[in-house]
Amino acid sequence: MKLKPKDIETLAARIEARRLALDHSYSDIARKTGVNQAQVSRICRGEFKTRSSNVMQICMFLGVDSGSEEPEDLVRLREAVLKLWDGSTADAERITRLLGVVGEVRRSN
């Protein structure tokens, strides 16, 4: 979902304030969230247009309310998947396959 410029500015300010309060560098956040350091830097500066999984991952790590207007169930599901994911492409493929199997089991019942 594309965000309005004011929403981006507000969220980026909350992210950056929390990052500074916790004394985390961009590289700290990147290492602990699995988000590329350049992307962390861009997000902290407000250079994003949507609440992407990377934005959400950083918000979760820093304890920032993303102000998401998404349904609560969707937010909960996204957070659960992000907690499972180690940040690698291989792990993303494994989780995607696992979710596909869950879908197959549901369809067969």
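## Around T33

The side chain of T33 comes within reach of the backbone nitrogen of V35, at 3.2 Å. This is a predicted model. T33 belongs to helix α2, which covers residues 26-33.

T33 is buried, because its relative accessible area is 7% and the cut-off for burial is under 20%. Setting aside residues up to four places away in sequence, T33 touches Q57 and F61.

## Overall architecture

The protein has 6 helices and 0 strands. Read from the N terminus, the order of elements is α-α-α-α-α-α. The C-alpha trace spans about 50 × 30 × 20 Å along its principal axes.

Of the 109 residues in the protein, 31% are buried. The accessible surface is about 7100 Å². Carbon and sulfur atoms account for 53% of that surface. Take the contacts between residues at least 6 apart in sequence: 54% of them join residues at least 24 apart.

## The nonpolar core

The largest nonpolar core contains 17 residues. L11, I15, V40, F48 and I58 have the most contacts inside it. Four helices each supply at least two residues of this core: α1 (5-21), α2, α3 (37-44) and α4 (53-62).

## Helix α6

How does the span of helix α6 compare with what its 20 residues should give? Helix α6 runs through residues 89-108.

Which residues of α6 are buried? They are D91, I95 and G103. Viewed down the axis of α6, the buried residues fall within an arc of 125°, so they line one face of the helix. An α-helix has 3.6 residues a turn, so residues three or four places apart point the same way.

The face of α6 turned away from the buried side carries exposed residues. These are T89, R97, E104, R107 and S108.

Notes
Residues numbered from 1 in each chain as written. Predicted model: local features only at pLDDT ≥ 70, side-chain atom pairs only at ≥ 80, totals over all residues. Heavy atoms only, no water. Expected span 1.5 Å × (residues − 1). Buried < 20%, exposed > 50% of the residue type's maximum accessible area, 1.4 Å probe, protein only. Arc of directions from axis to C-beta. Polar contact = N/O pair within 3.5 Å; in protein donor to acceptor, adjacent residues only side chain to side chain. Contact = heavy atoms within 4.5 Å. Areas by Shrake-Rupley, 256 points an atom, 1.4 Å probe, with all protein chains shown as cover. Core = buried A, V, L, I, M, F, W, Y, C linked by side-chain atoms within 4.5 Å.
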